[in-house]
Amino acid sequence: MDLSSFNACQLLDALESQQLSAEDCVRFFLKQIANQNATLNAFYTVVEESAMASAKSVDQRRKKGLPVGPLAGLPIAVKDGICTHNVRTTAGSPMLENYVPFYNATVVERLWEADAILIGKTSMDEFGMGSSTENPHFGGTLNPWDHQRVPGGSSGGSAAAIAAGMAPIALGSDTGGSIRQPAAFCGITGLKPTYGRVSRYGLIAYASSLEQIGPMAKTVEDTALLLSSCAGHDPRDSTSATEPSEDYRAGINRPIEGFRIGVCRDHLENGLSVEITSALKQAIDIFESAGAQIVDIELPNSSNAVAAYYVIAPCEASANLSRYDGVRYTERAPTDNLDQMYSKTRADFFGDEVQRRILLGTFALSSGYYDQYYLQASKVRRLIQQDFETAFNGVDLILGPTTPTTAFKINQCRQDPLSMYLADVYTVSANLAGLPALSLNCGFDPSGLPIGMQLQGPRFKESSLLRAGHLFQSQTDFHNRRPA
Amino acid sequence: MGRSKKKISAEHTSRLARIELPPSQIPVVQSELESLLDFVGRIEQLDLDSVEPFFGIAIDANPMRTDRQETSCDRTDTLRNAPQTDGESFLVPPVFGKQES
């Protein structure tokens with residue numbers, strides 16, 4: 001049976017009704033990986049043996065009528081920046097090339113308890129710092145829609161794996177757009193939850209006040225399914241929210257009649273290609289026909305979001321990555337004294353972009369510059385948060401583009417860091433304000449590349465985004481199209 | 001706001017960040033950092049004296065756990081990924097370099 005066109009909810013139905021065994025399901029996706037990974041490089045590590053053993057255990061329990069978890073038998077790919085017990089976790093860095101965690105991230109533990117089956121760890125930009133997954137150390141990942149183009153990043157491996165039918169569902173993480181931008185470039189669905197909605201325990205830290213782990217899948221309903229198993233307070237993450245989580249899939253069919261959808265005309269009409277604007281306008285028509293009311297809104301400080309982000313994120317990175325000093329984490333440059341060991345290890349085992357951001361953050365936090373950069377950026381962050389608060393007084397969610405362009409070509413932005421940073425122009429604001437945001441495919445450009453639409457909502461209103469996204473997918477078929 | 005335009009030194013910053021840059025790389029990194037600071041520096045011009053900074057959601061609502069002693073990581077596990085240990089501790093090179101014997 002060709003399962004590559006099945007979404008995760010359909011697979012789960014087939015598994016639950018025992019029309020499909022977990023072993024056959026896992027075997028199918030492992031074969032897909034074996035056939036395609038040499039070309040696409042979406043996985044750094046594949047865990048065939050343990051995946052087949054877990055599948056066998058699920059099948060045996062099902063046959064005996066014993067209880068199984070809500071995701072029993074569903075294969076899942078996990079971004080390689082999320083710790084997995086006894087499975088190599090590189091974060092895409094030479095610094096962690098041989099790092100094998102002795103614990104699971106909380107999300108991985110929850111998936112394990114839900115009986116989902118880990119099939120492998122997916123490629124990424126080093127420590128999540130990038131928008132293209134052109135990882136110089138582990139090799140670039142290709143966009144399944146066009147092998148000359150990038151899949152986006154930093155969760156590019158998870159997005160490419162789903163688009164290519166190598167995994168039905170995956171986890172990514174999003175610090176400035178790293179779930180949503182690759183979801184847009186690869187024509188899949190990706191959700192960055194509210195800050196604190198999903199535990200960050202076991203997520204290899206880049207910028208702690210900005211990042212969240214979140215689901216990536218073919219459909220909105222699949223992301224709702226996965227979020228339900230991952231969300232909720234975790235005592236091991238002091239920033240995880242105590243706000244109760246919900247069964248996000250249960251309410252997904254509720255109508256959106258009366259929803260007020262905010263549209264920032266400036267985002268829709270300036271800086272986008274004609275095709276992206278046109279696809280978004282068609283999406284607006286669909287929502288209007290479904291009974292939503294479209295309301296013009298302003299986000300006046302969003303033009304400063306990328307600048308603020310590229311101060312705050314590097315500052316946090318410079319602190320978070322200080323732990324990689326040659327003492328605890330696998331790699332060390334041979335030297336004669338301690339200080340040289342730190343400096344040489346960090347020079348030899350961090351890639352260029354990571355070094356660049358650490359240097360930028362170190363400078364911005366250094367004596368005499370804190371007020372000028374970090375404090376000023378944190379004030380811009382306040383203005384951005386207030387813009388959203390004002391907007392959400394009058395609307396339930398905000399619709400706009402995920403990215404200014406469709407997937408760009410390999411090497412197009414690599415030599416120019418700034419042009420890469422600007423790929424995040426529409427996504428960083430949700431991270432700065434800690435809001436949930438969903439990206440889904442809303443059309444294709446003339447080259448056949450997917451176009452991403454972003455829906456942003458107030459804190460903890462994932463359910464509103466998922467309802468609207470599901471409504472859109474119930475009336476369109478973009479999410480069902482796959483690369484040739 | 002009376003702020004003078006200050007220049008980043010890639011060499012000095014790399015020492016602060018403990019990242020050894022080869023001399024040939026210093027001008028390249030210097031130019032990249034200057035160009036990035038030019039870009040992010042646009043926010044320097046904004047008059048934000050009356051705006052409260054926002055450091056993230058967690059600062060506003062930090063849930064506390066019960067103050068109870070818990071088991072920490074196992075020593076063997078903790079040392080497993082280290083480049084050099086004696087089975088009980090992390091080993092590092094001498095602070096002042098190798099001693100002449």
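Helices and strands here are DSSP runs, numbered from the N terminus. With that in hand, we can walk through this predicted model, starting at one residue and moving out to the interface.

Let's begin with A:P101, which sits in the loop that links β2 (75-79) to α4 (106-113) of chain A. Is A:P101 buried or exposed? Its relative accessible area is 0%, and since buried means under 20%, A:P101 counts as buried. Setting aside neighbours within four places in sequence, the residues that A:P101 contacts include A:C83, A:T84, A:H85, A:N86 and A:V87.

Chain A brings 71 residues to the contact and chain B brings 53 residues. Between them about 5,600 Å² is buried, with carbon and sulfur atoms giving 66% of that area. On the chain A side, A:F102, A:L359 and A:Q376 lose the most area to chain B, and together they make up 12% of what that side buries.

How many salt bridges cross between chain A and chain B? The rule finds 2 salt bridges, and one pairs the side chains of A:D339 and B:R18 at 2.8 Å, N to O. Polar contacts between the two chains come to 21 residue pairs, both residues at pLDDT 80 or more. Among the elements that give two or more residues to chain A's side are α10 (305-320), α11 (338-349) and α12 (352-365). The most comes from α13(A), with 14 residues. By class, this side of chain A holds 34 nonpolar, 24 polar and 13 charged residues.

Terms used. Residues numbered from 1 in each chain as written. Chains lettered and ligands numbered in written order. Predicted model: local features only at pLDDT ≥ 70, side-chain atom pairs only at ≥ 80, totals over all residues. Heavy atoms only, no water. Contact = heavy atoms within 4.5 Å. Buried area = accessible area lost by both parts, 1.4 Å probe. Salt bridge = Lys/Arg side-chain N within 4 Å of Asp/Glu carboxyl O. Polar contact = N/O pair within 3.5 Å; in protein donor to acceptor, adjacent residues only side chain to side chain. Helix = DSSP H or I, 4+ residues; strand = E, 2+ residues; numbered from the N terminus. Nonpolar A, V, L, I, M, F, W, Y, C, P; charged D, E, K, R; others polar. Buried < 20%, exposed > 50% of the residue type's maximum accessible area, 1.4 Å probe, protein only.
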